[in-house]
Amino acid sequence: MATSYNWVITQTDFDVATGYIFCAHWTCNAVDGDYTSSIYSTSSWASGTPTIPYSSVTMAEVLDWVWANGVDKQ
């Protein structure tokens, strides 16, 4: 059986003045048969990057930013 991963953005912090996210809080739960594991962490970015405002961003986009920021997807 292959390991399955469930990634979730649990919270985002954004600059009210600009509307841009500067930090994402995330969890990942992994299941491999009878074994499970989970992790919680955060990823952060410089002000104004990424450039999709909080009001328009999707969880999939934020997860892509997390993975692009050096977090191993598997």
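Two strands are treated as paired if DSSP finds at least two bridges between them. Helices (H or I, at least four residues) and strands (E, at least two) are DSSP runs, numbered from the N terminus. The model described here is predicted, so that local features need pLDDT of at least 70 and side-chain atom pairs count only at pLDDT 80 or more, while totals for chains, interfaces and linings use all residues. Residues are numbered from 1 along each chain as its sequence is written, and side-chain values use heavy atoms, with hydrogens and water left out.

The chain contains one helix and three strands, and along the sequence these follow the pattern β-β-β-α. Taken along the principal axes, the C-alpha atoms fill a box of roughly 45 × 20 × 20 Å. The accessible surface of the chain, computed by the Shrake-Rupley method with a 1.4 Å probe, comes to about 4800 Å², and 53% of this surface belongs to carbon and sulfur atoms. Residues are called buried under 20% relative accessible area, exposed over 50%, and partly exposed in between (1.4 Å probe, protein chains only). By this criterion, 30% of the 74 residues of the chain count as buried. Contact is defined as heavy atoms within 4.5 Å. Among contacts between residues at least 6 apart in sequence, 42% join residues at least 24 apart.

The three strands form an open sheet in the order 1-2-3, with antiparallel pairing. Strand 1 (4-14) and strand 3 (35-44) are the edge strands, each of which pairs on one side only. Strands of a sheet pair through backbone hydrogen bonds, either parallel or antiparallel. Axes are lines fitted to C-alpha atoms, for helices over the stretch in contact, and angles run from 0 to 180 degrees between N-to-C directions. Neighbouring strands of this sheet are turned by 15° against each other on average, direction ignored.

Strand 1 is joined to strand 2 (residues 21-32) by ten bridges, and the two run antiparallel. Along this pairing, Tyr5 has Ala30 of strand 2 as its bridge partner, and Gln11 stands opposite His25 in strand 2. The two strands form a hairpin with six residues between them, and Gly19 in the turn has a positive phi of about 85°. Strand 2 and strand 3 also pair in the antiparallel sense, over ten bridges. Here Ala24 stands opposite Ser43 in strand 3. The hairpin of strand 2 and strand 3 has two residues between the strands, and Gly33 takes a positive phi near 65°.

Thr27 is located in strand 2. With a relative accessible area of 18%, Thr27 is buried. When neighbours within four places in sequence are left aside, the contacts of Thr27 are Asn6, Trp7, Val8, Thr10, Ile39 and Tyr40.

Helix 1 (residues 59-68) lies across strand 1, strand 2 and strand 3, running at about 95° to strand 1. A nonpolar core is a set of buried Ala, Val, Leu, Ile, Met, Phe, Trp, Tyr and Cys residues joined through side-chain atoms within 4.5 Å. The largest such core has 13 residues, of which Ile9, Val62 and Val66 touch the most other members. Strand 1, strand 2 and helix 1 each supply at least two residues of this core, and the largest share, five residues, comes from helix 1. Not counting residues up to four places away in sequence, Val62 touches Ile9, Thr12, Ile21, Ala24 and Val57.

Rings of Phe, Tyr and Trp (its six-membered ring) pair if their centres lie within 6.5 Å; planes under 30 degrees apart count as stacked, over 60 as edge-to-face and the rest as tilted. The structure holds four aromatic pairs. In one of them, the rings of Trp7 and Trp67 have their centres 5.4 Å apart and their planes at 90°, so the pair is edge-to-face. Because Trp7 lies in strand 1 and Trp67 in helix 1, this pair ties together parts that are 60 residues apart in sequence. Trp7 is buried, with a relative accessible area of 13%. The rings of Phe14 and Tyr54 are stacked, because their centres are 4.2 Å apart and their planes at 10°. Phe14 is partly exposed at a relative accessible area of 32%, and Tyr54 is partly exposed at 39%. One aromatic cluster is formed by Trp7, Trp26 and Trp67.
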